[in-house]
Structures are given as structure tokens and as C-alpha cells.
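Visitor: Please take me closely through the side-chain pairings in this model. I would like rings, charges and the domain boundary in one account.

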Amino acid sequence: MDALLTTLQKIPQAHASLVLGEGTRESSALKLDAAIDLEIADRNLTLLIEIKKTVYPRDTREIIWQISHYINSYLHEDREDVVPFVAAESISTGAREILKEENVGFFDSGGSLFVPAKSAYLYIERPVPRTLEKSVRSLFTGKRSQVLHALLTRPRDWLGGTELARLAEVSPATASETMTALERMGWTSSRGHGPSKERRLSDPAELLDEWQTQVLASRRSLIRRRYYVPGGESAALSHRLAELCAAAGVEYALTQEAAAQVYAPFLSSISRVACRMPPSNPADELLIQLGARLVSEGANLDVIETKSRGEFLFRELKESIWLASPVQVYLDLLRGEGRSRDMAEHLRKEILGI
């Protein structure tokens, strides 16, 4: 509240004062936390405030109902300049959008401010606070990302916790924690209770959009080694690499342009093959057999070091070659060069369909 008052006071021609016990009323079922009288450019507003620590999309409906019910039940004077308002330490991006659509004002510790009054419209947009940003980012890394990967491969199916854990190759506890976090963000729907509870994505496109945002915002690039392999076009190189990996027992998956071109042809030709492969002596030996030599430019083979088996999840065997899953290929293309992002959007439209 101190930060909110300070922010309001910095607005030109504005004066704000906190009201406690006057602008709020209590009943056994209803309570608002505070009210602020705001005078701005000779306009008088009242902000009716609900205070929260963190606000996710699933919290917004209850908050909106509570404030609206208070206004309808207890305020009998002119309501034109009464603004329902949420003040929180952090408000997720999805929750902000819902609040804006419902004309509910908000403020968070990152400095974002929204006051949708008829006589004065204020909007200051800031990034979500780092604590919330870190919490969201953690969903798209490690074991939790495997749960998201599994959900996106079956975006319209209802999945129980045990089945989801099996698909994602994580513990039931990790699957449950991840699904709870996704539900808070408003990205999943649920049905049933207890052990029989099932969930599915409520908006697969929104989840994939957020994953795309996280990939593009991340400064981490794929760890890769670039090689030149003499002779042969990309298709021949892909088949030869697949044969050597199978003979050596090395797990692999083609990705980026080489895989996307198989799933959903987009370019007339490609000049480089990208392959996910775990770092190991057998992997190094098969590259020697392939005649690959490290180069700084002119490469036609990229080997992406893949230490987590989770990034081989849902790979597909096509034309006798293992391809990374369409979801993984899409995410890898976003980190690529040239027309890779165009290929990513084509793959998303034609194969992922979300």
C-alpha cells in the first residue's frame, strides 16, 4: 500500500489518501482491505482495494466477484467514479489481462498500475516482478518441462496424475506439483477429485506461446559443435549418421531444419543437419567414422549436446531416422538462425495445430 500511494502521488496533479475503516465494510462473508481517495486533475475517484500476495488467473474471478458484490451490496451513492482494485506483490501476465478485460484496476510491486475510471484512465506497464517471473520460468526447465511436453503432445486429452507421470518420465510428485502450478496460471482445466482427478490443457496455444516467450527471452543458447562432413547432400548425411548411431547404440534425434523438413516441408533444400546427441566416447568415435571435422564456418552438421534424456521424449521414427518430437523441433527452431523461425511457425501450423 505504501508503494501504491507513492506511485499515485507521483502522478501530475494527483493527491491520494488511504482510507481505513471508512471505505470498507465488513460482514460475516464479505470484507475489503482498504480504500484510497484519489483526486487527479480535479476529478475524484475511490479505489476499493483487495490486497493479495500473488494473483494468478484462477484467483481473479473470486476477487472480481467479491469486490463487485461489495459495491452492489453496500454502496448506494453514485458509483461512476468507484474503481474496483487489486494491489498485490505480484500479478501474473494472464491475471493482468483478465483484470483489464473486466475493468478492474491493479498495482503490483513491479510498478505496473491500471486505473480504468471514466474520468481518469491510467496505465503504466512494467515487467512482472522477478519473484513471479522466476516462478513461471521454472515451469519451462528441467523435469517440469517434461510434463509440459507431455501435455502438448496430447493437448485435448484428459490425463490422470499417474498416466501423466509415466508419459513425462517424472515422479508422480513432480507431475502433481507442475499441474498445480499450471492450474494456478489458468492453463489447465480439471475434473474429478482425489486419485481419480484428471486435467487437460484449457488453452494449448497459450501455453506454447508462453514457452516461446521463455525461449526467446532466455540468453542461453544451445550447446553445439559445428562440423564439416565431406561429400553428400543433407539427406544422405542424415541417413549415414542414423546408421552409425544405431550401430554404436548412441541415442540421437535430428532436429531444427532437418527434422522440420520431414514433418512439414517448407524449404526447397537445407544446407545443414542438426542432431541432438549425448556427449560420450561412442558419439565421438562415430563422428570420426563419419569423417566429421570441427570447423568455425562452412559447417553442414551441428551436434547439439543433450545431457537430459527428457529432450529425447516423444521422438518419432520416420524414414528410418529418429526425429525429435514436433514440440522439441519447434522450440529448437526458435533458437536457430536464418529462416528457422519461419519454419517454426510453419511446423506449428501444419503439425502441432495449436
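Guide: What follows goes from aromatic rings to charges over rings, then to a domain boundary and the salt bridges.

This is a predicted model, in which local features need pLDDT of at least 70 and side-chain atom pairs count only at pLDDT 80 or more, while totals for chains, interfaces and linings use all residues. Residues are numbered from 1 along each chain as its sequence is written, and side-chain values use heavy atoms, with hydrogens and water left out.

Start with the rings. A pair of aromatic rings is described by the distance of the centres and the angle of the planes. Here, rings of Phe, Tyr and Trp (its six-membered ring) pair if their centres lie within 6.5 Å; planes under 30 degrees apart are stacked, over 60 edge-to-face, and the rest tilted. That rule gives five aromatic pairs. One of them joins Phe-114 and Tyr-121 edge-to-face, with 5.6 Å between centres and 80° between planes. Phe-114 is buried at 2% relative accessible area, whereas Tyr-121 is exposed at 56%. The cut-offs are under 20% for buried, over 50% for exposed and in between for partly exposed (1.4 Å probe, protein chains only). Another edge-to-face pair is Phe-140 with Trp-187, at 6.2 Å and 70°. This pair links distant parts of the chain, 47 residues apart: Phe-140 is in the loop between α4 (130-138) and α5 (142-153), and Trp-187 is in the loop between α7 (172-184) and β9 (188-191). Helices (H or I, at least four residues) and strands (E, at least two) are DSSP runs, numbered from the N terminus. Phe-140 and Trp-187 are both buried. Phe-114 and Tyr-121 also belong to one aromatic cluster with Phe-106 and Tyr-123.

Next, charges over rings. The test is NZ of Lys or CZ of Arg within 6 Å of the ring centre and within 35 degrees of the ring normal. Arg-184 puts its charged end over the ring of Tyr-56, 5.2 Å from the centre. Arg-315 lies over the face of Trp-322, at 4.0 Å from the ring centre.

The assignment, automatic or from a database, gives domain 1 (1-128), domain 2 (131-217) and domain 3 (224-352). Domains 1 and 2 bury about 800 Å² between them, 65% of it on carbon and sulfur atoms. Tyr-56, Arg-58 and Val-128 supply 63% of the area that domain 1 buries against domain 2, more than any other three residues. Buried area is the accessible area (1.4 Å probe) that two parts lose on being put together, summed over both. Between domain 1 and domain 2 there are zero salt bridges.

The whole structure has 25 salt bridges. Each needs a side-chain nitrogen of Lys or Arg within 4 Å of a carboxyl oxygen of Asp or Glu. Arg-96 bridges to Asp-108, with the closest N and O atoms 3.0 Å apart. Arg-96 is in helix α3 (residues 93-101) and Asp-108 in strand β5 (residues 105-108), so the bridge ties together parts 12 residues apart in sequence. Arg-96 is buried at 7%, and Asp-108 is buried at 0%. Arg-276 and Asp-332 meet at 2.9 Å, N to O. They link strand β13 (residues 273-277) to helix α12 (residues 326-334), 56 residues apart. Both Arg-276 and Asp-332 are buried. Elsewhere, shared partners join Arg-224, Arg-226, Arg-272, Asp-302 and Glu-337 into one salt-bridge network.
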